[in-house]
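Hi,

Here is the structure for you to look through. My notes follow below it.

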Amino acid sequence: MSKTDLDKEGSYEAVIHVTSDPIVVGLDIVRKEFQPESNQYVYGSKFSDLNIVEERMLREAIFKLQMRRHHRRIMEEKSR
């Protein structure tokens, strides 16, 4: 999400902080929608130019986040 109107044809870089060391990755915007209720744009993007090490780091970090959220949800359900 962003209040900035990014060009769908442009290429961008983003710093990803979910890995053990933050990495800078290239992004290509593939979808762009304006959300008037929040006055923001929502973007769909794909990573570009990831090397195998960066891809593995991202997959590992995302998997860990998913496992934590899953565990948290199970614990919340048990406490009800």
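Which side-chain oxygen reaches to the backbone nitrogen of V53 at the start of α1? It belongs to N51, and the two atoms are within 3.0 Å. Helices (H or I, at least four residues) and strands (E, at least two) are DSSP runs, numbered from the N terminus.

A word on the source. This is a predicted model, where local features need pLDDT of at least 70, side-chain atom pairs count only at pLDDT 80 or more, and totals for chains, interfaces and linings use all residues. Residues are numbered from 1 along each chain as its sequence is written, and side-chain values use heavy atoms, with hydrogens and water left out.

Now the helix. α1 covers residues 52-78, 27 residues in total. From first C-alpha to last it reaches 39 Å. That is close to the expected 39 Å at 1.5 Å a residue (1.5 Å times one less than the number of residues).

E54, L58 and A61 are the buried residues of α1 (buried means under 20% relative accessible area, exposed over 50%, partly exposed in between, with a 1.4 Å probe and protein chains only). Their cover includes β1 (11-16), β2 and β3. F63 also sits in α1. F63 counts as exposed because its relative accessibility is 51%.

Next, the strands. β2 (residues 23-35) and β3 (residues 40-48) pair antiparallel over nine bridges (pairing takes at least two DSSP bridges between two strands). F34 stands opposite Y41 in β3. β2 and β3 form a hairpin, with four residues between them. In the turn, N39 has a positive phi of about 55°.

Best wishes

Definitions and conventions: Contact means heavy atoms within 4.5 Å. A polar contact is a pair of N or O atoms within 3.5 Å; within protein, one must be able to donate a hydrogen and the other to accept it, and residues adjacent in sequence count only if both atoms are side-chain atoms.
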